[in-house]
Each structure stands twice: as C-alpha cells, then as structure tokens.
Amino acid sequence: MHIYANPTRFLALAKWLMPLCLWSGLVLSLGATAWGLFVVPPDRLMGETVRILFIHVPAAWLGMGGWAGIAISSAMLLIWKHPLAALAARAIAVPGMVFCAICLATGSIWGRPTWGTWWEWDGRLTSMLVLLFLYAGYIALTQAASREGGSSKIAAIFGLVGAINVPIINRSVVWWNSLHQPPSITMGKSAIDAVYLWPLLIAFLGLALLFGAIVLMRMRALIAESQVEARLRRRALDDDAPVAVTADMERA
C-alpha cells in the first residue's frame with residue numbers, strides 16, 4: 001500500500017497505466033455498446049428499450065463503486081495517513097458523480113415506457129438519488145478544504161459515513177417493495193440471458209477502465225497542482241526572508 005506513497009513513483013506508474021486503461025476502455029466500451037445496439041435482439045417483454053441496459057447497469061455499478069473507492073481512500077488517510085489517499089478520493093468523486101447521474105438519467109428514460117412514469121420514490125431510486133447528493137456534498141467539502149487550507153480529515157469522515165448508503169442501494173429491492181426489478185446478478189448466479197449478459201459485462205469492464213483512466217488523469221493533475229502551490233509558497237517565503245532580516249537589523 002505504501003509502495004506508491006511517493007508521488008514520483010506513483011506518477012511513473014500512472015504515465016503508462018493511464019493510456020493503457022484509456023484506450024482499452026474506449027475499445028471495449030464502444031464495442032460492447034455497438035454490440036448491444038445493433039446485434040443483441042429485442043427483449044420479449046421490454047422490446048428495444050432493453051438496450052439501455054448496457055449503459056444503465058454499468059453506470060449504476062460504477063456510481064456505487066466510486067463511493068466505495070472514496071471510503072477506502074478515506075480509511076487509508078485516517079488510519080495509515082497515506083499521503084496520496086486524499087488526492088485519490090478527490091479524483092474519484094467527479095467521475096463517480098457523473099456515472100451516478102448517468103444511472104439516474106438512463107433509469108428515468110427506461111422507466112417511462114416500462115413503468116409508465118419517469119420517477120418513482122421507491123427504495124432503489126431514492127437511495128441512488130441520495131448518493132448523487134452525497135457526491136455533490138463531498139466535492140463541495142473537498143473544494144472548500146482545498147481553498148481554505150482546511151484539514152482533509154473532515155472529508156474523509158464524510159466519505160466513510162456516506163458509505164452506509166452503498167449497501168442500502170444494493171439491498172433496497174430486497175428490503176422494500178419496489179417497482180424496480182430484484183437483483184438479476186448475484187454471487188455465482190445470473191437471471192440475465194447470456195445474449196445480454198456478455199455484452200453487459202464487457203461494457204462494464206470497458207467503462208471501468210475508462211473510470212480508472214479518468215481517476216489517474218485527475219490524480220496527476222491534483223499532484224501537479226499541489227506541487228505548484230508548494231513551490232509558490234517556498235518562493236514567497238524566500239522573497240519575504242531578506243525583508244524580515246533587514247527590518248530586524250534596522251531595529252537593532
């Protein structure tokens with residue numbers, strides 16, 4: 001875990017890993033999307049609307065997975081004081097929020113012809129909306145801490161507390177009566193036909209790689225920003241030092 005605590009070592013890893021994730025993710029996600037749009041047959045009950053599956057479900061998984069990543073990074077910061085943990089959590093927050101928003105938007109589009117309504121305040125939809133608000137709150141909190149020079153521990157605690165919502169989202173269709181269908185994929189089992197399952201899994205893998213590439217890009221940008229700020233602070237201190245010494249000599 002502490003092998004890549006050194007930013008220089010981490011940047012050396014990200015330099016080749018980021019483009020690998022980016023291009024492989026683009027190929028897999030675009031290929032799986034084309035497979036789902038033009039090759040997969042319509043569903044017997046849902047018809048052509050089933051094609052939203054290949055965007056909606058991976059976006060939901062990555063929205064929840066993004067917050068799990070924030071919680072893990074927050075724990076690394078609070079317990080082990082990992083120097084890059086706070087940056088990792090900040091880097092995850094924006095793409096995680098985007099995928100969460102995509103999940104809600106595509107779910108609403110899918111729900112209109114399937115349920116006859118754009119929105120329903122059931123457990124799954126409501127808890128996913130709460131996750132979107134948690135992302136927005138976390139991003140605002142980290143930006144305020146960065147701008148004012150505050151501690152990143154408050155955001156880390158918020159990230160850990162917010163993780164309570166992730167299992168609620170996962171189990172909501174089991175715990176409460178819901179318009180949303182029950183889990184289609186469980187441990188070692190799948191209720192989804194293989195003709196839909198394979199492009200779905202490939203789409204998820206491709207989008208997950210894109211998610212990882214975006215996180216690495218953002219971490220590199222945040223590290224560069226922190227290094228620039230540190231240099232500017234050192235230069236400001238160096239410029240003020242002669243003035244302070246001269247003033248002390250004049251008083252003497």
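A: The count comes to one salt bridge (a Lys or Arg side-chain nitrogen within 4 Å of an Asp or Glu carboxyl oxygen). Glutamate 48 pairs with arginine 51. Their closest N and O atoms are 2.6 Å apart. Glutamate 48 is partly exposed, at 49% relative accessible area. Arginine 51 is buried, at 14% (buried is under 20%, exposed over 50%, partly exposed in between, with a 1.4 Å probe on protein chains only).

The model is predicted: local features need pLDDT of at least 70, side-chain atom pairs 80 or more, while totals for chains, interfaces and linings use all residues. Numbering runs from 1 along each chain as its sequence is written, and side-chain values use heavy atoms, without hydrogens and water.

Now H2, residues 53-80 (helices are DSSP H or I runs of at least four residues). The axes of H2 and H3, residues 85-115, come within 7 Å. They cross at roughly 155° (between N-to-C directions, from 0 to 180 degrees). H2 and H3 are therefore roughly antiparallel (over 145 degrees). Their crossing is left-handed (near helix turned anticlockwise from the far one by less than a right angle). The contact of H2 with H3 has 19 nonpolar, eight polar and no charged residues.

H4, residues 123-148, also meets H2. These axes come within 11 Å and cross at roughly 45°. That makes H2 oblique to H4. This crossing, too, is left-handed. Residues in contact (heavy atoms within 4.5 Å) include Gly63, Trp67 and Ile70 of H2. On H4, they include Leu131, Tyr135 and Tyr138. The contact of H2 with H4 divides into ten nonpolar, two polar and no charged residues.

Key:
Helix = DSSP H or I, 4+ residues; strand = E, 2+ residues; numbered from the N terminus. Parallel < 35°, antiparallel > 145°, perpendicular 65-115°, else oblique. Nonpolar A, V, L, I, M, F, W, Y, C, P; charged D, E, K, R; others polar.
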